[in-house]
Structures are given as structure tokens and as C-alpha cells.
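Dear colleague,

I am passing on a structure that I would like you to look through before we discuss it. Please open it first, and then read the notes that follow it.

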Amino acid sequence: VDALMSFFADDLEFFHDKDGLLDHAQVKTGFTRVFASNPDLRRELVSDTVEVHPLPGYGALQTGRHRFCHTENGQVDCGTFSFVQVWRWAGGEWQVARELSYGH
């Protein structure tokens with residue numbers, strides 16, 4: 001979880017269509033909970049849906065869809081959802097500063 005969270009800025013604003021607005025600490029808690037209850041969780045980008053656009057003087061905007069799969073009640077359960085990420089280039093590294101996750 002710590003390695004994953006390093007991709008997110010400390011001032012992260014994560015907007016989720018089920019959970020509302022979450023900050024960095026809330027997102028970390030959520031990931032920790034999800035990974036503990038879904039040890040085989042996989043995320044796959046739907047490659048033909050990904051678009052990246054520059055945001056001059058700031059970073060980049062990425063949109064797309066991703067598919068999450070895990071085993072639930074002995075069956076593989078998958079769902080495909082949409083996302084928008086605002087990446088910030090600062091201090092020689094890319095971090096997600098704003099995230100929208102929707103279509104759940």
C-alpha cells in the first residue's frame with residue numbers, strides 16, 4: 001500500500017462516485033481494507049481507452065477505463081470503471097493530485 005500511495009500527492013483530492021471526496025489518508029485506509037479482503041485483486045488498464053493530455057505548467061490529464069477482478073464466493077468477479085487523473089510534475093516526479101473514479 002505504501003508503494004502505491006507514493007504515486008499520490010499528499011494533498012490528494014480523490015472523488016469517488018460512491019464514497020464522495022476522500023483525502024490521502026482516507027484513500028490509504030480504503031486501499032488497505034480492499035487489499036486485505038481481496039488478496040487476488042487485479043487492476044488492468046483498458047488500453048484503447050487511455051488518453052493523456054498535457055496541462056502546460058502543471059502536468060498532465062489522463063482519462064480512461066480500468067478493469068478490476070477478484071474472487072468472490074468462489075467466482076471471478078470483474079467490473080470496468082472510468083477514471084480521470086490529474087498528474088502533477090513537481091520535484092522531478094509525477095504524482096496524482098486529483099482523481100475522479102466513477103461508473104461503479
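The strands named in these notes are DSSP runs of E of at least two residues, and the helices are runs of H or I of at least four residues, with both kinds numbered from the N terminus. Please keep in mind throughout that this is a predicted model.

With that naming in place, I begin with Asn-73, which lies in the loop between strand 5 and strand 6. Most residues other than glycine have a negative phi. Asn-73, although it is not a glycine, has a positive phi of about 55°. The residue is also exposed, because its relative accessible area of 76% falls in the range over 50% that the term requires.

The largest pocket has a volume of about 890 Å³, and its lining is made up of 32 residues, among which Phe-14, Phe-31, Val-34, Phe-68 and Ser-101 are the ones that lie nearest its centre. Two or more lining residues come from each of strand 1 (8–16), helix 2 (24–37), strand 3 (42–45), strand 5 (59–72), strand 6 (75–90) and strand 7 (93–102). Helix 2 gives the most to this lining, with 7 residues. By residue class, the lining of the largest pocket divides into 15 nonpolar, 10 polar and 7 charged residues.

On the surface there is a nonpolar patch, formed by Val-1, Leu-4, Phe-7, Val-34 and Phe-35, which together have about 360 Å² of accessible area.

Turning to charged pairs, a search of the whole structure finds 4 salt bridges, and I describe some of them here. Lys-28 forms a salt bridge with Asp-2, with the closest N and O atoms 2.8 Å apart. Since Lys-28 lies in helix 2 and Asp-2 in helix 1 (residues 2–5), this pair ties together parts that are 26 residues apart in sequence. Lys-28 is partly exposed, at a relative accessible area of 33%, whereas Asp-2 counts as exposed, at 55% relative accessibility.

Another salt bridge joins the side chains of Asp-11 and Arg-88, with an N to O distance of 2.6 Å. This pair links distant parts of the chain, with Asp-11 in strand 1 and Arg-88 in strand 6, 77 residues apart. Asp-11 is partly exposed, with a relative accessible area of 38%. Glu-44 and Arg-42 also form a salt bridge, in which the closest N and O atoms are 3.6 Å apart. Glu-44 counts as partly exposed at 35% relative accessibility, and Arg-42 is likewise partly exposed, with a relative accessible area of 42%.

Asp-48, in the loop between strand 3 and strand 4 (51–55), is exposed, with a relative accessible area of 69%, and its C-alpha atom is separated by 21 Å from that of Val-96, 48 residues away along the chain. Cys-78, whose place is in strand 6, counts as partly exposed at 29% relative accessibility, and Cys-78 and Leu-12, 66 residues apart in sequence, are 27 Å apart in space from C-alpha to C-alpha.

With best regards

Notes
Residues numbered from 1 in each chain as written. Predicted model: local features only at pLDDT ≥ 70, side-chain atom pairs only at ≥ 80, totals over all residues. Heavy atoms only, no water. 1 Å grid on protein atoms, 1.4 Å probe; cavity = no way out; pocket = protein on both sides within 12 Å on 5 of 7 lines; lining within 4 Å. Points joined across faces, edges and corners; volume = space filled by probe spheres on them. Nonpolar A, V, L, I, M, F, W, Y, C, P; charged D, E, K, R; others polar. Patch = residues over 30% accessible without salt bridge, like charges linked within 9 Å, V, L, I, M, F, W, Y side chains within 5 Å. Areas by Shrake-Rupley, 256 points an atom, 1.4 Å probe, with all protein chains shown as cover. Buried < 20%, exposed > 50% of the residue type's maximum accessible area, 1.4 Å probe, protein only.
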